[in-house]
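Subject: Structure handover and notes

Hi there,

Here is the structure I promised to pass on to you.

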Amino acid sequence: MNYPGFPISRPRRLRTSPALRRLVAETQLNVAQLVLPLFARSGKKLRRPVEAMPGVFQLSPDEIVREATAAHALRVPAVLLFGIPDKKDDRASGAYAKNGIVQTTVRLLKKELPSLLVITDVCLCEYMAHGHCGIVTGGKILNDPTLKLLARTAASHAESGADIVAPSDMMDGRVRAIRAELDNEGFLDTPIMSYAAKFASAFYGPFREVAESTPKFGDRRSYQMDAANANEAMREVALDIQEGADIVMVKPALAYLDIIHRVKKEFGLPTAAYAVSGEHAMIKAAAQKGWIDERAVTLESLLAMRRAGADILITYAAMDVAKWIK
Ligand code: PBG
(Lines give C-alpha, C1' and ligand atoms only; values in the text may rest on other atoms or scores of the structure.)
Protein backbone atom coordinates (compact mmCIF):
# COMPACT_ATOMS: atom_id res chain seq x y z
CA MET A 1 0.00 0.00 0.00
CA ASN A 2 1.31 3.36 -1.00
CA TYR A 3 -0.27 6.59 0.21
CA PRO A 4 0.99 9.78 -1.44
CA GLY A 5 -0.18 11.65 1.60
CA PHE A 6 -2.25 14.65 2.49
CA PRO A 7 -3.77 16.67 0.88
CA ILE A 8 -4.22 14.27 -2.07
CA SER A 9 -5.14 11.39 0.18
CA ARG A 10 -8.11 12.08 2.47
CA PRO A 11 -9.25 8.94 4.33
CA ARG A 12 -12.37 10.80 5.46
CA ARG A 13 -13.68 10.73 1.85
CA LEU A 14 -14.73 7.12 2.34
CA ARG A 15 -16.54 7.88 5.58
CA THR A 16 -19.01 10.46 4.37
CA SER A 17 -22.20 8.33 4.34
CA PRO A 18 -23.47 5.10 5.87
CA ALA A 19 -23.73 3.44 2.45
CA LEU A 20 -20.17 4.39 1.57
CA ARG A 21 -18.89 3.17 4.91
CA ARG A 22 -20.70 -0.13 4.37
CA LEU A 23 -19.28 -0.40 0.86
CA VAL A 24 -15.70 -0.23 2.10
CA ALA A 25 -16.16 -2.21 5.34
CA GLU A 26 -13.46 -4.89 5.48
CA THR A 27 -15.25 -7.10 7.99
CA GLN A 28 -18.85 -8.22 8.40
CA LEU A 29 -20.87 -9.79 11.14
CA ASN A 30 -23.22 -12.40 9.79
CA VAL A 31 -25.77 -14.55 11.58
CA ALA A 32 -24.33 -17.60 9.79
CA GLN A 33 -21.21 -17.28 11.97
CA LEU A 34 -22.98 -17.49 15.33
CA VAL A 35 -23.09 -20.36 17.81
CA LEU A 36 -25.33 -20.25 20.90
CA PRO A 37 -24.20 -22.16 24.02
CA LEU A 38 -27.01 -23.96 25.93
CA PHE A 39 -27.02 -25.76 29.28
CA ALA A 40 -29.14 -28.88 29.69
CA ARG A 41 -30.23 -30.55 32.90
CA SER A 42 -32.92 -33.15 33.54
CA GLY A 43 -36.52 -32.23 34.26
CA LYS A 44 -39.56 -30.77 32.56
CA LYS A 45 -40.38 -27.12 31.95
CA LEU A 46 -37.28 -26.20 33.92
CA ARG A 47 -35.86 -22.75 33.23
CA ARG A 48 -33.49 -21.89 36.04
CA PRO A 49 -31.84 -18.49 35.81
CA VAL A 50 -28.21 -18.03 36.81
CA GLU A 51 -27.31 -15.01 38.86
CA ALA A 52 -23.97 -14.24 37.29
CA MET A 53 -25.30 -14.52 33.74
CA PRO A 54 -28.48 -12.62 32.97
CA GLY A 55 -30.33 -14.24 30.08
CA VAL A 56 -28.62 -17.61 30.55
CA PHE A 57 -30.54 -20.54 32.05
CA GLN A 58 -30.20 -24.15 33.00
CA LEU A 59 -32.85 -25.73 30.78
CA SER A 60 -34.62 -29.08 30.75
CA PRO A 61 -34.53 -30.86 27.37
CA ASP A 62 -38.02 -29.63 26.38
CA GLU A 63 -36.97 -26.06 27.17
CA ILE A 64 -33.72 -26.55 25.25
CA VAL A 65 -35.84 -27.42 22.24
CA ARG A 66 -37.86 -24.24 22.78
CA GLU A 67 -34.76 -22.08 23.06
CA ALA A 68 -33.15 -23.78 20.07
CA THR A 69 -36.32 -23.31 18.04
CA ALA A 70 -36.21 -19.58 18.74
CA ALA A 71 -32.52 -19.46 17.75
CA HIS A 72 -33.22 -21.46 14.60
CA ALA A 73 -36.05 -19.11 13.66
CA LEU A 74 -33.55 -16.26 13.89
CA ARG A 75 -31.26 -18.25 11.55
CA VAL A 76 -28.63 -18.97 14.18
CA PRO A 77 -27.14 -22.10 12.58
CA ALA A 78 -25.72 -23.91 15.60
CA VAL A 79 -25.92 -24.51 19.33
CA LEU A 80 -23.13 -25.68 21.63
CA LEU A 81 -24.55 -28.05 24.21
CA PHE A 82 -23.33 -28.52 27.78
CA GLY A 83 -24.81 -30.95 30.30
CA ILE A 84 -25.35 -30.82 34.04
CA PRO A 85 -25.86 -34.38 35.28
CA ASP A 86 -28.01 -35.42 38.25
CA LYS A 87 -25.11 -37.25 39.83
CA LYS A 88 -21.36 -36.74 39.74
CA ASP A 89 -18.72 -39.37 40.49
CA ASP A 90 -14.98 -39.87 40.06
CA ARG A 91 -15.26 -41.62 36.66
CA ALA A 92 -17.51 -38.99 35.06
CA SER A 93 -19.90 -41.79 34.13
CA GLY A 94 -22.66 -39.31 33.30
CA ALA A 95 -20.50 -37.95 30.47
CA TYR A 96 -20.69 -41.12 28.36
CA ALA A 97 -23.93 -42.69 29.64
CA LYS A 98 -26.22 -43.80 26.83
CA ASN A 99 -29.07 -41.88 28.42
CA GLY A 100 -26.96 -39.08 29.82
CA ILE A 101 -28.32 -35.55 29.74
CA VAL A 102 -26.38 -34.50 26.63
CA GLN A 103 -27.12 -37.72 24.75
CA THR A 104 -30.86 -37.47 25.52
CA THR A 105 -31.01 -33.80 24.60
CA VAL A 106 -29.10 -34.24 21.35
CA ARG A 107 -31.47 -36.99 20.23
CA LEU A 108 -34.45 -34.76 20.97
CA LEU A 109 -32.92 -31.74 19.23
CA LYS A 110 -32.02 -33.68 16.11
CA LYS A 111 -35.53 -35.10 15.98
CA GLU A 112 -37.27 -31.76 16.40
CA LEU A 113 -34.84 -29.51 14.52
CA PRO A 114 -32.87 -31.69 12.10
CA SER A 115 -31.31 -28.77 10.24
CA LEU A 116 -29.95 -27.07 13.38
CA LEU A 117 -26.30 -27.98 13.93
CA VAL A 118 -25.72 -29.47 17.35
CA ILE A 119 -22.18 -29.14 18.67
CA THR A 120 -21.47 -30.94 21.93
CA ASP A 121 -18.89 -29.87 24.46
CA VAL A 122 -16.77 -32.90 25.31
CA CYS A 123 -15.38 -32.60 28.81
CA LEU A 124 -15.54 -34.37 32.14
CA CYS A 125 -15.51 -31.53 34.67
CA GLU A 126 -19.31 -31.21 34.92
CA TYR A 127 -19.55 -34.96 35.58
CA MET A 128 -16.68 -35.35 38.04
CA ALA A 129 -17.36 -35.02 41.79
CA HIS A 130 -14.06 -33.11 42.11
CA GLY A 131 -14.83 -30.81 39.17
CA HIS A 132 -11.61 -31.40 37.23
CA CYS A 133 -11.48 -32.21 33.52
CA GLY A 134 -9.63 -35.51 33.99
CA ILE A 135 -9.23 -38.53 36.24
CA VAL A 136 -7.68 -37.57 39.56
CA THR A 137 -5.37 -39.76 41.64
CA GLY A 138 -3.47 -38.46 44.64
CA GLY A 139 -4.34 -34.87 43.84
CA LYS A 140 -2.96 -35.17 40.28
CA ILE A 141 -4.95 -34.82 37.08
CA LEU A 142 -3.91 -37.86 35.02
CA ASN A 143 -3.56 -37.38 31.28
CA ASP A 144 -3.50 -40.71 29.46
CA PRO A 145 -6.18 -42.58 31.45
CA THR A 146 -8.50 -39.63 30.84
CA LEU A 147 -8.23 -39.98 27.04
CA LYS A 148 -10.28 -43.16 26.98
CA LEU A 149 -13.17 -41.50 28.81
CA LEU A 150 -13.08 -38.45 26.55
CA ALA A 151 -13.08 -40.66 23.45
CA ARG A 152 -16.04 -42.65 24.78
CA THR A 153 -17.88 -39.43 25.55
CA ALA A 154 -17.31 -38.03 22.06
CA ALA A 155 -18.42 -41.29 20.41
CA SER A 156 -21.57 -41.41 22.52
CA HIS A 157 -22.39 -37.86 21.45
CA ALA A 158 -21.86 -38.76 17.79
CA GLU A 159 -23.99 -41.85 18.23
CA SER A 160 -26.79 -39.67 19.63
CA GLY A 161 -26.61 -37.49 16.54
CA ALA A 162 -24.19 -34.67 17.38
CA ASP A 163 -23.04 -32.87 14.23
CA ILE A 164 -19.71 -31.73 15.68
CA VAL A 165 -17.87 -32.69 18.86
CA ALA A 166 -15.87 -30.07 20.74
CA PRO A 167 -13.31 -31.29 23.28
CA SER A 168 -12.60 -28.61 25.91
CA ASP A 169 -10.56 -30.58 28.44
CA MET A 170 -7.01 -29.66 27.32
CA MET A 171 -5.53 -33.13 27.94
CA ASP A 172 -2.59 -33.88 25.63
CA GLY A 173 -3.45 -36.22 22.76
CA ARG A 174 -7.19 -36.04 23.16
CA VAL A 175 -7.95 -35.02 19.59
CA ARG A 176 -6.13 -38.07 18.29
CA ALA A 177 -7.85 -40.36 20.80
CA ILE A 178 -11.26 -38.94 19.88
CA ARG A 179 -10.59 -39.12 16.13
CA ALA A 180 -9.54 -42.77 16.43
CA GLU A 181 -12.62 -43.70 18.46
CA LEU A 182 -15.00 -41.84 16.14
CA ASP A 183 -13.48 -43.52 13.08
CA ASN A 184 -13.58 -46.90 14.79
CA GLU A 185 -17.25 -46.48 15.52
CA GLY A 186 -18.03 -45.43 11.95
CA PHE A 187 -18.32 -41.68 12.53
CA LEU A 188 -15.78 -40.80 9.86
CA ASP A 189 -17.63 -37.62 8.93
CA THR A 190 -18.13 -36.19 12.39
CA PRO A 191 -15.87 -33.13 12.61
CA ILE A 192 -13.88 -32.17 15.69
CA MET A 193 -13.86 -28.56 16.81
CA SER A 194 -11.07 -28.51 19.36
CA TYR A 195 -10.67 -25.94 22.07
CA ALA A 196 -7.10 -25.80 20.82
CA ALA A 197 -5.78 -22.72 22.63
CA LYS A 198 -7.73 -22.67 25.85
CA PHE A 199 -6.29 -20.50 28.56
CA ALA A 200 -6.64 -20.92 32.33
CA SER A 201 -8.82 -17.88 32.65
CA ALA A 202 -10.62 -16.00 35.38
CA PHE A 203 -13.18 -15.12 32.70
CA TYR A 204 -14.76 -18.59 33.11
CA GLY A 205 -16.12 -17.76 36.58
CA PRO A 206 -19.82 -17.31 35.73
CA PHE A 207 -19.82 -20.40 33.50
CA ARG A 208 -18.77 -22.58 36.39
CA GLU A 209 -21.78 -21.35 38.30
CA VAL A 210 -24.10 -22.29 35.42
CA ALA A 211 -22.43 -25.62 34.70
CA GLU A 212 -21.76 -26.40 38.37
CA SER A 213 -18.21 -27.33 37.44
CA THR A 214 -15.98 -25.38 39.80
CA PRO A 215 -12.98 -27.53 40.82
CA LYS A 216 -13.26 -28.70 44.44
CA PHE A 217 -9.52 -28.32 44.97
CA GLY A 218 -6.72 -26.48 43.20
CA ASP A 219 -7.23 -24.93 39.76
CA ARG A 220 -6.91 -25.85 36.10
CA ARG A 221 -3.41 -24.46 35.55
CA SER A 222 -1.81 -27.87 35.09
CA TYR A 223 -3.84 -28.42 31.92
CA GLN A 224 -5.18 -25.11 30.62
CA MET A 225 -2.68 -22.63 29.21
CA ASP A 226 -0.88 -19.78 30.92
CA ALA A 227 -2.22 -16.40 29.80
CA ALA A 228 1.38 -15.27 29.34
CA ASN A 229 2.01 -17.57 26.38
CA ALA A 230 1.40 -17.00 22.69
CA ASN A 231 4.06 -19.18 21.04
CA GLU A 232 2.88 -22.09 23.12
CA ALA A 233 -0.66 -21.47 21.87
CA MET A 234 0.66 -21.92 18.34
CA ARG A 235 2.23 -25.24 19.31
CA GLU A 236 -1.03 -26.36 20.94
CA VAL A 237 -3.01 -25.52 17.81
CA ALA A 238 -0.46 -27.19 15.52
CA LEU A 239 -0.70 -30.37 17.60
CA ASP A 240 -4.48 -30.45 17.47
CA ILE A 241 -4.41 -30.00 13.71
CA GLN A 242 -1.90 -32.83 13.33
CA GLU A 243 -4.13 -34.99 15.48
CA GLY A 244 -7.15 -34.34 13.28
CA ALA A 245 -8.93 -31.18 14.41
CA ASP A 246 -11.18 -29.77 11.68
CA ILE A 247 -11.96 -26.48 13.39
CA VAL A 248 -9.75 -24.82 16.00
CA MET A 249 -10.92 -22.57 18.78
CA VAL A 250 -9.33 -19.82 20.81
CA LYS A 251 -10.79 -19.15 24.24
CA PRO A 252 -11.44 -16.64 25.79
CA ALA A 253 -11.79 -14.26 22.85
CA LEU A 254 -11.63 -10.56 23.60
CA ALA A 255 -8.45 -10.61 25.70
CA TYR A 256 -6.81 -13.02 23.23
CA LEU A 257 -7.30 -11.33 19.86
CA ASP A 258 -3.57 -11.61 19.16
CA ILE A 259 -3.87 -15.40 19.44
CA ILE A 260 -6.89 -15.51 17.13
CA HIS A 261 -4.97 -13.41 14.62
CA ARG A 262 -1.85 -15.57 14.69
CA VAL A 263 -3.78 -18.84 14.57
CA LYS A 264 -5.82 -17.81 11.55
CA LYS A 265 -2.79 -16.39 9.76
CA GLU A 266 -0.52 -19.36 10.39
CA PHE A 267 -2.93 -22.26 9.88
CA GLY A 268 -5.84 -20.92 7.85
CA LEU A 269 -8.26 -23.44 9.32
CA PRO A 270 -11.82 -22.51 10.20
CA THR A 271 -11.20 -20.68 13.46
CA ALA A 272 -13.68 -20.18 16.27
CA ALA A 273 -13.58 -17.55 19.00
CA TYR A 274 -15.43 -18.20 22.26
CA ALA A 275 -16.69 -15.01 23.89
CA VAL A 276 -16.83 -16.60 27.33
CA SER A 277 -19.09 -16.14 30.32
CA GLY A 278 -16.99 -13.44 32.01
CA GLU A 279 -16.89 -11.36 28.83
CA HIS A 280 -20.66 -11.62 28.60
CA ALA A 281 -21.11 -10.83 32.30
CA MET A 282 -18.96 -7.69 32.09
CA ILE A 283 -20.98 -6.28 29.22
CA LYS A 284 -24.30 -7.19 30.88
CA ALA A 285 -23.30 -5.69 34.22
CA ALA A 286 -22.02 -2.41 32.82
CA ALA A 287 -25.08 -2.16 30.57
CA GLN A 288 -27.43 -2.74 33.51
CA LYS A 289 -25.74 0.12 35.30
CA GLY A 290 -26.30 2.26 32.26
CA TRP A 291 -22.57 2.74 31.82
CA ILE A 292 -22.27 1.27 28.34
CA ASP A 293 -24.51 0.58 25.38
CA GLU A 294 -25.01 -3.21 25.43
CA ARG A 295 -25.83 -3.56 21.77
CA ALA A 296 -23.01 -1.36 20.50
CA VAL A 297 -20.38 -2.90 22.78
CA THR A 298 -21.46 -6.47 21.99
CA LEU A 299 -21.39 -5.89 18.24
CA GLU A 300 -18.07 -4.04 18.40
CA SER A 301 -16.49 -6.86 20.42
CA LEU A 302 -17.67 -9.54 18.00
CA LEU A 303 -16.59 -7.47 15.01
CA ALA A 304 -13.14 -7.20 16.59
CA MET A 305 -12.97 -11.00 16.81
CA ARG A 306 -13.91 -11.24 13.13
CA ARG A 307 -11.30 -8.62 12.24
CA ALA A 308 -8.70 -10.60 14.17
CA GLY A 309 -9.50 -13.63 12.01
CA ALA A 310 -12.32 -15.56 13.65
CA ASP A 311 -14.74 -17.30 11.29
CA ILE A 312 -17.07 -18.65 13.96
CA LEU A 313 -18.32 -16.71 16.99
CA ILE A 314 -19.53 -18.60 20.03
CA THR A 315 -21.52 -16.14 22.12
CA TYR A 316 -24.24 -16.11 24.76
CA ALA A 317 -25.63 -13.08 22.96
CA ALA A 318 -26.18 -15.01 19.70
CA MET A 319 -29.94 -14.46 19.64
CA ASP A 320 -29.73 -10.76 20.45
CA VAL A 321 -27.03 -10.34 17.83
CA ALA A 322 -29.15 -12.17 15.26
CA LYS A 323 -31.99 -9.69 15.93
CA TRP A 324 -29.71 -6.66 15.91
CA ILE A 325 -28.02 -7.40 12.59
CA LYS A 326 -31.13 -8.54 10.74
C1 PBG B 1 -15.37 -27.03 30.45
C2 PBG B 1 -15.58 -25.67 29.89
C3 PBG B 1 -15.43 -24.42 30.51
C4 PBG B 1 -15.89 -23.47 29.60
C5 PBG B 1 -16.27 -24.15 28.45
N6 PBG B 1 -16.06 -25.51 28.63
C7 PBG B 1 -15.01 -24.04 31.87
C8 PBG B 1 -13.67 -24.35 32.35
O9 PBG B 1 -12.77 -24.74 31.61
O10 PBG B 1 -13.52 -24.21 33.56
C11 PBG B 1 -15.96 -21.99 29.86
C12 PBG B 1 -16.98 -21.25 29.05
C13 PBG B 1 -17.32 -19.90 29.54
O14 PBG B 1 -16.73 -19.36 30.50
O15 PBG B 1 -18.25 -19.31 28.95
N16 PBG B 1 -14.06 -27.45 30.55
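First, the ground rules. This is a predicted model, in which local features need pLDDT of at least 70 and side-chain atom pairs count only at pLDDT 80 or more, while totals for chains, interfaces and linings use all residues. Residues are numbered from 1 along each chain as its sequence is written, and side-chain values use heavy atoms, with hydrogens and water left out.

**Strands**

Helices (H or I, at least four residues) and strands (E, at least two) are DSSP runs numbered from the N terminus. Two strands are called paired if DSSP finds at least two bridges between them. For burial, I use buried for under 20% relative accessible area, exposed for over 50% and partly exposed for what lies in between, with a 1.4 Å probe and protein chains only.

Which strands does β1 pair with? One partner is β4 (residues 78–84), which pairs with β1 in the parallel sense over 7 bridges; here Pro37 stands opposite Leu80. Another is β3 (residues 57–59), joined to β1 by 2 bridges and also running parallel, with Gln58 as the bridge partner of Phe39.

**Salt bridges**

Side chains of opposite charge can pair when their charged atoms come close. I count a salt bridge when a side-chain nitrogen of Lys or Arg is within 4 Å of a carboxyl oxygen of Asp or Glu. By this rule the count comes to 13.

Arg41 and Glu212 form one of them, at 3.0 Å from N to O. Arg41 lies in β1 and Glu212 in the loop between α6 (205–211) and α7 (231–243), so this pair ties together parts that are 171 residues apart in sequence. Arg41 counts as buried at 13% relative accessibility, while Glu212 is partly exposed at 33%.

Asp240 and Arg174 form another, with their closest N and O atoms 3.0 Å apart. This pair links distant parts of the chain too, from Asp240 in helix α7 to Arg174 in helix α5, 66 residues apart. Both Asp240 and Arg174 are buried.

A salt bridge also joins Arg221 and Asp219, at 3.8 Å from N to O. Arg221 is exposed at 57% relative accessibility, and Asp219 is partly exposed at 42%. Finally, Arg47, Glu63, Arg66 and Glu67 are linked in a network of salt bridges.

**Surface patches**

Patches are built from residues with over 30% relative accessible area and no salt bridge, joining like charges within 9 Å and nonpolar side chains (Val, Leu, Ile, Met, Phe, Trp, Tyr) within 5 Å. Accessible areas come from the Shrake-Rupley method with a 1.4 Å probe, and for residues only the protein chains shown count as cover. Lys and Arg count as positive and Asp and Glu as negative, with His and the chain ends not counted. Each charge is placed at NZ of Lys, CZ of Arg, CG of Asp or CD of Glu.

Arg10, Arg12, Arg13 and Arg15 form a positive patch, and Arg15 sits in the segment before α1 (18–23). Leu14, Leu23 and Val24 make a nonpolar patch of about 290 Å². Leu23 is in helix α1 and is exposed at 69% relative accessibility.

**Two more residues**

His261, in helix α8 (residues 257–267), is partly exposed at 40%. Its C-alpha atom is 5.2 Å from that of Gly309, 48 residues apart along the chain.

Best wishes
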